[in-house]
Amino acid sequence: MSITGIEAASQDAAASEGALDADAAKIEGRSQWQLTWRRLRQDKVAMAALAVIVVIILLAILAPVFVSITHHPPNIAYPNTGEDAAGNPVGPMTNGFWLGTDGTGRDLFIRILYGARISLFVGFVTTGIGAVAGVAVGLMAGYFGGFIDTVLARFTDAVLAFPYVVLALALAVVLGPSLTVIIGVISFFSWAAIARIVRGQTLSIKEKEYIEAARSLGAGSFRIMFFDILPNLLAPVLVLATLYIPTAIVFEATLSYLGLGIQPPTASWGDILADAQNFFQTSWWYVVFPALALLITTLAFNLLGDGVRDAMDPRTERVLAAGRGRRKRRGKRQVLADGQAGLAPAAPYVPPAEGS
Amino acid sequence: MSEPLASAGTASTPADPAGDDLVRLENLVKYFPVRAGGLVRRTVGQVQAVDDVSLSIPRGQTLGLVGETGSGKSTLARCVAGLIPVTSGRVIFDGRDITNLSRGAMRPIRREVQMIFQDPYSSLNPRRRVGAIIGDPFAIHKTATGGERKRQVQELMERVGLNPEHYNRFPAEFSGGQRQRIGVARALALRPKLIICDEPVSALDVSIQAQVLNLLSDLQRDYGLTYLFIAHDLEVVRHVSDSVAVMYLGRIGESGPRDPVYTSPRHPYTAALLSAAPAADPDTAAARQRIVLTGDVPSPIDPPSGCRFHPRCPKAEAVCGQQEPQLEAKAGDVATHLVACHFPVQAGENLAAAGRSEPT
Amino acid sequence: MAIIGFLVRRILTGIVVVWLVATGAFFLFFARPVSTVARQLAGHAATPQVINEVINNLGLNQPILVQYWHFIDGLLHGNLGYSYFNQEPVTTMLKQDLPPTLSLVIGGVILWLVVGLTVGIISATRARSLFDRTSSVAVLIGLSMPVFVIGELLILVVFVPLNQHGFTWIQTGYAGISQGFLTWMGHMILPWITLAAVQAAVYTRLMRGQLLDTMGEDYIRTARSKGLSERRVTFKHGVRSALTPVVSQLGVDMGQLLGGVVVVEAVFGLGGLGQVSVQAIDTDNLPVIIGFVIIAAIFVVVANIVVDLLYALLDPRVRIA
């Protein structure tokens with residue numbers, strides 16, 4: 001029952017396919033994660049950024065160790081050794097203060113370390129909350145479409161456009177300024193940014209044939225969302241999350257700076273920098289070192305995030321003056337830049353109109 | 001009214017409800033609304049994708065459904081599979097009316113009706129391992145778990161000609177033909193009764209096509225499968241089908257057992273399709289004259305009146321535009337060879353002379 | 001005439017939004033136990049007597065809906081309440097604090113748009129050049145920096161040294177235009193740069209990306225082949241369509257802008273609406289905060305309407321349907 005003439009050719013093809021199989025027989029499938037990691041390893045800038053982040057995390061964790069080395073707990077003031085005659089902070093490497101002291105004679109280095117704890121904690125926690133909530137909302141909005149999508153999408157847009165100061169103020173009034181307020185405010189916005197993009201991705205993934213295949217197998221909505229769509233979302237979500245962490249850190253610093261967040265005497269980079277303003281004329285280190293700490297941290301996360309994004313999909317984002325394959329890049333760019341480029345209209349699912 | 005199509009070789013008694021036919025479509029209609037307007041989207045027209053189609057497929061046989069793009073064959077397939085709701089008409093599967101069932105009621109049916117898709121590159125989730133993809137049916141219908149599931153999946157892989165050791169690979173690591181085999185394995189997992197093949201080999205190289213087609217016929221023999229085989233390539237359809245139906249713009253133009261339809265097509269459209277199919281033998285090819293149809297396939301939103309093919313038909317006359325021809329057997333034909341035409345092609349008639357033609 | 005319809009609709013929606021925000025804020029603050037509210041309003045050092053006074057004067061014992069009614073009634077008459085702490089009507093306070101905020105916003109927005117878009121356009125047209133690479137680095141740094149750090153660094157590096165050497169044109173704090181245009185600018189220049197810096201970075205990147213994508217489109221190639229000068233092609237065609245996503249991003253950024261304004265005012269001690277409101281936290285000055293919330297809502301709504309009008313102007317496909 002074979003097509004004459006073609007059978008011979010097909011056996012040849014089968015033989016070559018078999019050879020391929022034999023060669024690769026031992027190799028298990030390399031997941032996208034392994035491939036991404038390999039690519040990332042070759043990106044020097046991203047690796048450097050990763051190293052910096054690891055160092056910062058270590059320093060934050062080991063803060064108590066440094067306390068025992070310097071004998072300066074973060075909230076203890078040393079008016080004698082820590083302040084000069086005029087009551088101003090002392091500079092770096094004086095009297096056992098590695099980076100000098102702050103306005104009330106506390107060890108600046110130690111306080112920066114403890115500030116790092118807060119910043120990293122807030123950064124990771126709020127991003128985590130935002131990622132989970134954002135994926136859930138975006139996934140449901142994109143998959144179910146219709147009314148649910150309209151409601152969720154509008155809500156997401158409203159949240160994104162909402163002035164954060166107003167919310168922070170309001171919460172601070174009611175709850176009193178605190179770490180809780182900060183986490184609440186930042187999480188409130190973090191999920192929206194992620195949800196917007198996840199929704200866009202879900203909309204396009206939903207149209208793929210393998211989703212239709214899953215439906216034809218009898219898979220229910222949640223099964224499809226979790227097993228079929230979600231794995232395809234993890235990559236962009238990871239990029240977004242990595243890039244959101246520095247935003248969260250800056251957010252926290254800003255809110256603390258304004259006095260809406262962490263309250264003194266707890267060390268937070270924002271608080272430190274707020275007080276540092278009073279000592280501009282006399283103590284440059286009080287501003288420079290915490291600012292540097294902030295800058296380096298956010299820069300490192302930003303660079304790492306860019307690196308991860310490039311490693312995920314090596315074809316994109318080589319922006320050239322004359323486009324090569326611009327159509328493809330354009331598609332990807334729209335997807336990733338969706339959060340920045342304004343409203344993406346909800347596309348209702350129109351079943352294929354023609355026969356084949 | 002069109003009559004059900006019975007399989008070749010059986011007596012022409014109408015099939016009883018749960019008898020010989022595994023699948024029966026009765027006056028199936030599927031229209032898609034065309035919406036326009038800004039804020040409030042009104043329905044301004046209908047895409048008449050499937051317009052009053054009646055077919056049946058006997059157990060263990062293959063019905064080949066042929067048509068060009070826009071003929072409605074994929075839509076029909078999805079209606080049978082229950083993936084899209086039907087506008088009117090009935091889908092009868094194994095004696096049960098499964099038209100527009102709820103998701104819950106449809107679930108057990110899904111174990112018995114499976115689908116193989118056209119594009120091997122987009123019908124498999126690129127982020128999942130092959131073992132998981134093939135194991136999906138077991139997981140969804142909770143028929144096997146853990147080690148037992150893996151064993152069955154590997155058995156399936158072997159059956160379709162894949163190396164079971166590649167259980168943990170990703171689809172990207174397979175060739176097009178192999179991916180299609182994965183699709184076949186997935187469809188086969190729960191030992192369905194009916195497999196709807198939506199152009200399963202159209203995207204493959206010719207040499208690979210043969211392999212996959214052979215696999216499909218082997219499986220049919222071993223597991224007693226029934227196929228609804230959709231394609232646009234007539235040679236492929238001829239190879240696999242027991243009976244054939246030709247669709248044009250949502251309607252069946254001609255249907256019947258394979259051999260009568262291929263050797264003596266009655267519908268001008270079928271004749272034109274057959275004449276355009278490449279012939280392997282160069283002498284035959286030289287002698288044959290292609291029938292060139294004028295015009296493009298009209299839009300299914302606004303189909304022509306009467307016989308939908310009449311604007312392009314070399315034999316069309318006034319009545320063709322006024323009255324829709326019924327699908328019925330013509331004198332001198334096997335009772336199951338049906339055609340919907342006012343002026344069917346006669347034996348020995350040269351359509352190429354009647355319309356515009358060009359030698360191949 | 002579609003414009004009129006559009007405006008009417010947006011203004012009505014805007015009013016609804018502002019009303020919702022005001023209501024939300026009101027209930028958030030006042031629908032709490034009376035004693036909590038009273039104690040907050042009366043101040044930290046208040047005796048029970050004072051607290052009772054506060055409860056009576058402000059009618060805090062009344063049912064919440066009655067209080068709400070008074071609140072809305074007051075709003076409609078332009079009365080935002082009375083700041084117990086400052087002993088003056090909130091509206092008076094807010095009016096005083098408006099000029100610095102306005103100066104900051106207008107100057108800052110102009111600066112950021114001009115710089116951001118210009119640098120973005122130049123970077124795109126000279127992609128991969130030294131200019132482009134330098135600006136990319138600057139953008140990356142700008143994006144990583146919190147606004148207040150930029151402000152502080154500017155003060156440290158510009159203001160302090162200049163003043164120490166006798167160049168006193170640049171100052172912190174606010175001076176109204178009435179005190180002389182140059183003086184006003186001297187006070188505003190650093191705040192403007194601070195407010196503009198981060199946003200300019202965002203818009204540079206956005207503009208650059210959009211323009212690069214647009215310039216790759218076929219219709220640009222057609223325009224070039226028609227013989228139009230490169231500059232005309234870039235501006236008339238390329239920039240124009242690259243501008244639309246930028247404009248729509250502006251709408252979303254209004255919220256960010258507000259935050260930036262508050263921070264910059266705090267850093268430079270400009271004493272505008274933002275700073276006053278934040279300080280109101282320390283004194284639990286609820287009426288002022290509610291006043292700020294409402295004004296912020298009005299600002300965001302108005303800004304969005306303006307942005308949408310701009311968008312429709314730029315993109316003829318978007319008609320104010």
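Colleague: Which orientation do α5(A) and α6(A) have to each other?
Modeller: In this predicted model, local features need pLDDT of at least 70, side-chain atom pairs count only at pLDDT 80 or more, and totals for chains, interfaces and linings use all residues. The helices (DSSP runs of H or I, at least four residues, numbered from the N terminus) pack at an angle of about 140°, with axes 7 Å apart; axes are lines fitted to C-alpha atoms over the stretch in contact, and angles run from 0 to 180 degrees between N-to-C directions. Under 35 degrees counts as roughly parallel, over 145 as roughly antiparallel, 65 to 115 as roughly perpendicular and the rest as oblique. The pair α5(A) and α6(A) is therefore oblique.

Colleague: Which residues of α6(A) does α5(A) meet?
Modeller: Contact requires C-beta atoms, placed from the backbone, within 7 Å. From α5(A) come A:V137, A:M140, A:A141, A:G142 and A:F144. Their partners in α6(A) are A:G146, A:I148, A:D149, A:L152, A:A153 and A:T156.

Colleague: What is the distance between the end C-alpha atoms of α5 of chain A?
Modeller: Residues are numbered from 1 along each chain as written, and chains are lettered from A and ligands numbered from 1 in written order. Helix α5 covers residues 108-144 of chain A, 37 residues, and the expected span is 1.5 Å times one less than the number of residues.

Colleague: How many residues of α5(A) are buried?
Modeller: Buried means 20 or more other C-beta atoms within 10 Å of a residue's own, with C-beta atoms placed from the backbone. The helix α5(A) is mostly covered; of its 37 residues, the number buried is 27.

How values were computed: Helix = DSSP H or I, 4+ residues; strand = E, 2+ residues; numbered from the N terminus. Buried ≥ 20, exposed ≤ 12 C-beta atoms within 10 Å, placed from the backbone. Contact = placed C-beta atoms within 7 Å.
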